[in-house]
Structure formats: structure tokens, C-alpha cells
Amino acid sequence: MKIVFINPVIDKSKDQLIWASALTHNLFGRMTVMPKLAPMVLAARTPPQHTVEYIDEDIEDIDVNGIKADLIAITAMTVQIVRAYQLADAFRKRGIKVALGGIHASSCPDEAAQHADAVCVGEADNSWPELIKDLENGCLKPRYDVKDYPPVTELVSPRVDIIKHKFYSMFPVQATKGCPHDCDFCCINFSSGHKYRMKPVEQVVAEIRAFEKYNKEPFRKRYHFVDDNLYVNREYTIKLFTAIKELKIKWMGMGSLNIAGDDEVLRVMAESGCKSFSIGYESISDESLAEANKSRANKVSEYQTAADKLIKHGIIPAGYFIFGFDSDDEEVFARTVAFTRKYHILTPYFNILTPFPGTRLYDRVKERIFDKTWSHYGSLKCVFKPAKLQPEQIEAGSYWASRQAALLDDMKRQLMYFWSQGPWETNPPLRAGERFLLRAIGFKVRRNKQYRDFLVWASKQKNAVDLFQIVMTVTFDDMAKKFVLEQPDGSVQAPVPVMGK
Ligand code: B12
Ligand code: SF4
């Protein structure tokens, strides 16, 4: 049998892709951040007599009428589900069976069932083999429910051979699942649960090694730990980082604020190749943190130390912020941007509070939700009415903040500050070859004088580190332009509809 996994694109229109920019298209072709891990995991659980294929609509078009398959298996977050249903309906019209899984199908299984022959609820590591067996026997069930969370020690390593490696700038790895915190906007409550499950460190190392076969110089890719929280079990974290040191990889990941208080972990983390670490700061107001049940995890007074500590170890402080809490007022956007600048949170990501189905936030604000178009549930649109601001103000403010945070001149200042805090043994200055490469990229984008000058400027800075980060800076600036149309008077026009219909 042939099983085709599909990751649907958020928006069919190529130049509205969120995680790609016109610049990256020009430089590297149709490239995106990273492949979804779920298809690789499920492919590994598929008995070897079956053929598997992975189609990622972020990087390739899908020819619905040309694909031959016994099963189409679609994974989707809420923002992707409209497209997932379109594809599912089209394949089923051709008589091909469709299975739907992932976070949205898990939270709205009855809705998903209208577009699929089988819906998988929850982690499918163990239910998938059963589904395949039923398919072989012609008795596919409409629902495969996983109520508990399988221990990760029983998991097999993902099939990294099924992806088209050259189209991705990063490879995903997962060492742990779950998070002990309980933020009310987060899907963790039902997706991976609060019990922290840790893969054997040797398995994580083996998984990275499998990717390494496809990871060659000069554009060696980074790894993205997709773990919800890498800092829960200190002993495990140290063991993990120590083990991956020998792989000499570069990686990024995310975790809680309290990691900043642990110099030993930060040291091993830097030695193991961590170049950027994201913290879910969410808000610079303790009131908003309390509203989201995040006060136990976050104290605003500790944010500055966290950023300082990461920088001290040569790691770029990244962080997630959310706008749209009931206590947010008109000032929140400028205040937050000023905060990230002042404390050198070099890569802030601004999202809009979104009540995803299945979350406590959803239950709390459901009477105030006015937009149920799932393709708007990508944290870039305001779909419910917050207490103090209008949804349009939240969108305009959030987009304004994203634009401000990516402004090249500002980033130049931030990078200069970051580089001035070195040198770091774990993050050495650019080599001659890398400087040459930066200039070569500058030449390739020469039509954009600002980008060319920036890249050439960076190539000349003695203490500049991290080629990837420098190129990403330009890419972020390019991406941010898509979200905001700035007016000559500095005001922000209504945002471009980035999430499709
Ligand atoms: C990695 C990640 C990303 C990557 C995704 C790209 C990529 N290629 O992976 C990036 C960083 C780009 C990303 C972006 C976003 N993300 Co995200 N992301 C994650 C994260 C941290 C891990 C996902 C993962 O790889 N898990 C590991 C795999 C193995 O698990 P899995 O996908 O759940 O798959 C298992 C089951 O679900 C099931 N399954 C999955 N698919 C299928 C399919 C079939 C057919 C079957 C049978 C079973 C099945 O079996 C799998 C194995 O057990 C999750 C958090 C989480 N814990 O899931 C958030 C998460 C998925 N993201 C979320 C959100 C909101 C976003 C954004 C929309 C907003 C934001 N700002 O973060 C953006 C999208 C931006 C955009 N417009 O493009 C939410 C989704 C909520 C929702 N209902 O949609 C999550 C759950 C975070 C959270 N805690 O709330 N994200
Ligand atoms: S700390 Fe992060 S992963 Fe954990 S519950 Fe809160 S938002 Fe979710």
C-alpha cells in the first residue's frame, strides 16, 4: 500500500507565506523553516512493506488528481485546517481514503470526521499501527482515540529520509514532551499533558545523527528542538546538552524563564551549540500574566536577568509575546517594543491572543468570539473582543510591533550590542569563508541597497558571530514588511490579510 502524508499550506498564495520571504525565495528558492515532525514519526511506525511519501505544501504544489495512494494522511494545526479539509474532500471525491490527525483534529474530532474516513485524536504513535492494520483489512474505523500519553521510551526514531532536505533551513528534533505549567491559552493541557516525558538521551543523539547525513557544509542547517519546554528536569537537561556537545551542531530551542537562574545549564547549553533560546515571556505586565495563569512561571522582574544571562553565554535571547489580554491598553504595543529593545531581547515574536479550541481560554472567552474562520487562528488575527481594545487595534498594534522589532537599523544596534558582549569560545567570530559568503549574498541581493549594505557591513565587523543569525535578520525585515503598510505619517494601515479568506 502507498501512504501519502501531507502538510497543508496555510495560504495557497505563495507570496503570503508567513514563514518565507520574497528575499529567501530569491536567494534559495522555495524554502521554508522546517518539515513537520509528525509525518516522519508516523512513517517510522508504518510497517516496512508499505511505501510512504511526504508532501509539504509549503515547498511544493499538490496535484490532487495525479497522486496515487491508498491513504492520504493529513496533519494540521487549526490555522491549516481549512486547507486540510479542502484537500481531504478532494481526495475522498476521487475515492481515496483520508486520515486526519494533529492538534486541530484532536480538539475538534467531530468536525474533522465530516472530512475524513478516520480521525486520530491525540498522540498517534501507538494508534497509527492499528489504523494501518485496519486499512490493510478493509475495516478502517472512523475514530482512533488515544486518551493517555504514551511513554516516550517506546517511541521509534523518525524517518528522516522521507523529507526533501534541501528545502528546509532547519531540522526538527524532539527530546521531551509535556510541560508542568498550565497557561490557559496553551494546548498543552490536552496535547502533550503536564507530565514531563523524556526520551533516552542516546535516542535523541541517534536521531540527530540520522539528520546529519543530509547536513553538509557550507550551509549546515540548524536543529530546532520542538520541545514545549527544555528546562523541566535539570538532570536530564544537563545530560542531554552534554551528550549533544560531541555532535558539533548548532541549535535553537525553548523553555521556561527559570533557566536563566541556572548558570551551569546555560554553560553546557552554549557548549552544546545553542545559538538562540526562546522564552515564553508572553507579557510585560504581571496582571496579564495572572490572567493567563502564568504568574507561577513568569515574573516580569526577572526578564532582564534572563536576557542578560543568555547573552553572557553567547546565546541570542528570543521570546514570545502576546497582545490581546483583557488588561492590555493602547500603550501596550509601544511599551513592549521598548522593553524588548532596552533589554536586548533580540528576536521577539509578537502574537495575538487566540482562543484555540480545547483550551481553557476558549471556554473563558467563548461568548466574545466573533470569528470562527479557522484559517484566522494563526495568532495574527484577533478573533475575540478583549476588554479594553478593539480587535482592529490589537491587529494594527501587533503588526506595528512586529515591524518595529525587525527594522534593520534597530537590529544593527542590537547585534552590535550582542557582539560587543563577546568573545565567546562557544560562539566564535565569523571565519574568512563566512565573511566572503555574506558578501556573496549581499551581491545576490544587490538590487536592495539596504540589505546589500547591511550584509557587507556585517561581513566587516571584527566581532560579528553567527552567519545564520545575520542572514535571518535581513529575512525577518523582509517578512515583516508583509504585515504592515506604514503610512508616510508613521501610522499603520490596516494589516494585509495574511491568513487567506
Ligand atoms: C514546532 C512547532 C511549530 C513550528 C511548525 C513548523 C514545523 N514544521 O514543525 C513553527 C515554529 C513554525 C510553529 C509555528 C506556529 N505554531 Co506551532 N508548534 C510547534 C510545537 C512546539 C511542536 C509541534 C511538533 O512538532 N510536535 C511533535 C510532533 C511529533 O507531535 P504532533 O505534531 O502533535 O503529532 C503527533 C499527534 O498530533 C499525531 N498526529 C499529528 N499529525 C497527524 C496526522 C495523522 C494523519 C495522524 C493519524 C496523527 C497525527 O501523531 C503525532 C505523533 O504522536 C507545537 C507544540 C506541541 N506540543 O505540539 C506548537 C503548536 C502546534 N503551535 C501552535 C501555534 C498556535 C503556532 C502558530 C499558529 C502561532 C505561533 N505563533 O506559534 C504558528 C504558525 C505560524 C504560521 N502562521 O505559520 C499551537 C497550535 C494550536 C492550534 N490549535 O493550532 C501549538 C500546539 C502550541 C501550543 N502549545 O499551543 N509551530
Ligand atoms: S509554559 Fe509554555 S508550553 Fe508550558 S503551558 Fe505555558 S505556554 Fe504551554
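I count two strands as paired if DSSP finds at least two bridges between them. Helices (H or I, at least four residues) and strands (E, at least two) are DSSP runs, numbered from the N terminus. This is a predicted model, where local features need pLDDT of at least 70 and side-chain atom pairs count only at pLDDT 80 or more, while totals for chains, interfaces and linings use all residues. Residues are numbered from 1 along each chain as its sequence is written, and chains are lettered from A and ligands numbered from 1 in the order in which they are written.

**Sheets**

I looked up the strand order S7-S10-S11-S12-S13-S14 and found an open sheet of six strands with parallel pairing. S7 (170-173) and S14 (347-352) each have a single partner strand, so one side of each is left without a neighbour in the sheet. Neighbouring strands here are turned by 25° against each other on average, direction ignored; axes are lines fitted to C-alpha atoms, for helices over the stretch in contact, and angles run from 0 to 180 degrees between N-to-C directions. Inside this sheet I checked S10 (222-225) against S11 (251-255): they pair in the parallel sense over two bridges, and Tyr223 has Trp251 in S11 as its bridge partner.

The other order I noted is S2-S1-S3-S4-S5-S6, again six strands in an open sheet with parallel pairing. S2 (51-56) and S6 (143-145) are the edge strands, each pairing on one side only. S1 (2-7) runs parallel to S3 and is joined to S3 by four bridges; Ile3 is the bridge partner of Leu71 in S3.

H2 lies across S1, S2 and S3, at about 160° to S1. H3 lies across S1, S3 and S4, at about 160° to S4.

**Domains**

The assignment gives domain 1 (2-145) and domain 2 (169-415); such bounds come from an automatic or database domain assignment. Their centres, over C-alpha atoms, are separated by 26 Å. I find 14 residues of domain 1 in contact with 17 of domain 2, where contact is C-beta atoms, placed from the backbone, within 7 Å. H4 gives three residues, the largest share of the domain 1 side. That side divides into 11 nonpolar, three polar and no charged residues. For these classes, Ala, Val, Leu, Ile, Met, Phe, Trp, Tyr, Cys and Pro are nonpolar, Asp, Glu, Lys and Arg charged, and the others, Gly among them, polar.

**Ligand shells**

Which residues come nearest to ligand 1? Of the 41 around ligand 1, they are Thr75, Met77, Thr78, Gly101 and Cys120; a residue is near if its C-beta atom, placed from the backbone, lies within 6 Å. H2 gives the largest share of this shell, four residues. Domain 1 and domain 2 each supply at least three residues.

Around ligand 2 I listed residues including Cys179, His181, Asp182, Cys183 and Cys186. That shell has five nonpolar, four polar and two charged residues.

**Helix pair**

Last, I checked H17 (432-444) and H18 (449-460): their axes come within 8 Å and cross at roughly 170°. They are therefore roughly antiparallel, a label for angles over 145 degrees. Among the residues that meet are Leu438 and Ile441 in H17, and Leu455 and Val456 in H18.

Methods:
Parallel < 35°, antiparallel > 145°, perpendicular 65-115°, else oblique. Contact = placed C-beta atoms within 7 Å.
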